[in-house]
Amino acid sequence: MVILEAKDLRKTYGNGETAVHALDGTSLQVQKGEFVAVVGTSGSGKSTLLHIIGGLDVPDSGEIIIDGQKLSNMSDEEITIFRRRNIGFVFQQFNLVPMLNVYENIILPVKLDGKKPEKTFIDSIIDTLGLGKKLDSLPCTLSGGQQQRVAIARALAAKPAILLADEPTGSLDSKTSQDVLGLLKITNEHFHQTIVMITHNEEIAQLAGRILCIEDGKIISDSNNAVQGVASW
């Protein structure tokens, strides 16, 4: 089942000779339950692609369809609601709310949607990500790796159709990066969570089941990754 489809996306910043074609006819499909890495150097268009998929930016032309819903048919308010319910984000800088404890940060997207957290599912996330002893802690008392675990848990809490990870290990040391990447892999396998991760690091991309390479706003290769390993955590 196709959970995400991008059709002929185009996005240009600037005009004339200074125009930058961030996306230049980019198309892709992601199946439900896939773990896809989008690899590209700085300026290749990968961040623009992620932001447009996530409804944080709009293309000049083209279409994004997530779980059968066209983002172009939605108002700004409708996109905000759709994003909260259907798209989980894991950013490089964690973006946790500093005055909320770990548990409050995890359930925040559910509470913002006016819903009651599904305790069994939330407990399963907490257990899987090893956060049970940190639920009352504030973000400032956590290591970078622990904060990213909380960010992953928060991204999963609303059972999103797709989880988008934007250079999720960019602020972490090598060992902690391996831990976090292992957790993303476990999240994909344990919860059958669809994940699209962007990275400039081809070694990190090897953790995914499928690797897309983007260059000058175009997908130049699309390959299944036959050799996958789960990092220790």
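This is a predicted model: local features need pLDDT of at least 70, side-chain atom pairs count only at pLDDT 80 or more; totals for chains, interfaces and linings use all residues.
Visitor: What makes F94 a buried residue?

Guide: F94 has a relative accessible area of 10%. The term buried applies under 20%, so F94 is classed as buried.

Visitor: Where is F94 found, and which residues does F94 touch?

Guide: F94 is found in the loop between β6 (87-90) and α3 (102-112). Leaving aside residues up to four places away in sequence, F94 touches G144, Q147, Q148, A151, R154, S171 and L172. A contact requires heavy atoms within 4.5 Å, and therefore each of these residues has a heavy atom within 4.5 Å of one in F94. The C-alpha atoms of F94 and G145 are separated by 9.7 Å, although the two residues lie 51 residues apart along the chain.

Visitor: Why are β2 and β5 called edge strands?

Guide: The open sheet has 4 strands in the order β2-β1-β4-β5, with antiparallel pairing. Its edge strands, β2 (20-31) and β5 (69-70), each pair on one side only.

Visitor: What makes β9 a partner of both β3 and β10?

Guide: Strand β3 (residues 35-39) is joined to strand β9 (residues 210-215) by 4 bridges, and these strands run parallel. Between β9 and strand β10 (residues 218-224) there are 6 bridges, in the antiparallel sense. Pairing needs at least two bridges, so β9 pairs with β3 and with β10.

Visitor: Which residue of the β9 and β10 hairpin takes a positive phi?

Guide: D216 does, with phi near 55°; the hairpin has 2 residues between the strands.

Visitor: How do you know that the radius of gyration agrees with that of a compact globule?

Guide: For 233 residues, a compact globule would have a radius of gyration near 17 Å; the protein chain has 17 Å, and therefore the value agrees. Along its principal axes the C-alpha trace spans about 55 × 40 × 35 Å. Buried residues account for 50% of the 233 residues.

Visitor: What share of the contacts joins residues at least 24 apart?

Guide: The share is 71%, among contacts between residues at least 6 apart in sequence.

Key: Residues are numbered from 1 along each chain as its sequence is written. Side-chain values use heavy atoms; hydrogens and water are left out. The radius of gyration is taken over C-alpha atoms; the globule rule is 2.2 Å times the number of residues to the power 0.38. Buried means under 20% relative accessible area, exposed over 50%, partly exposed in between (1.4 Å probe, protein chains only).
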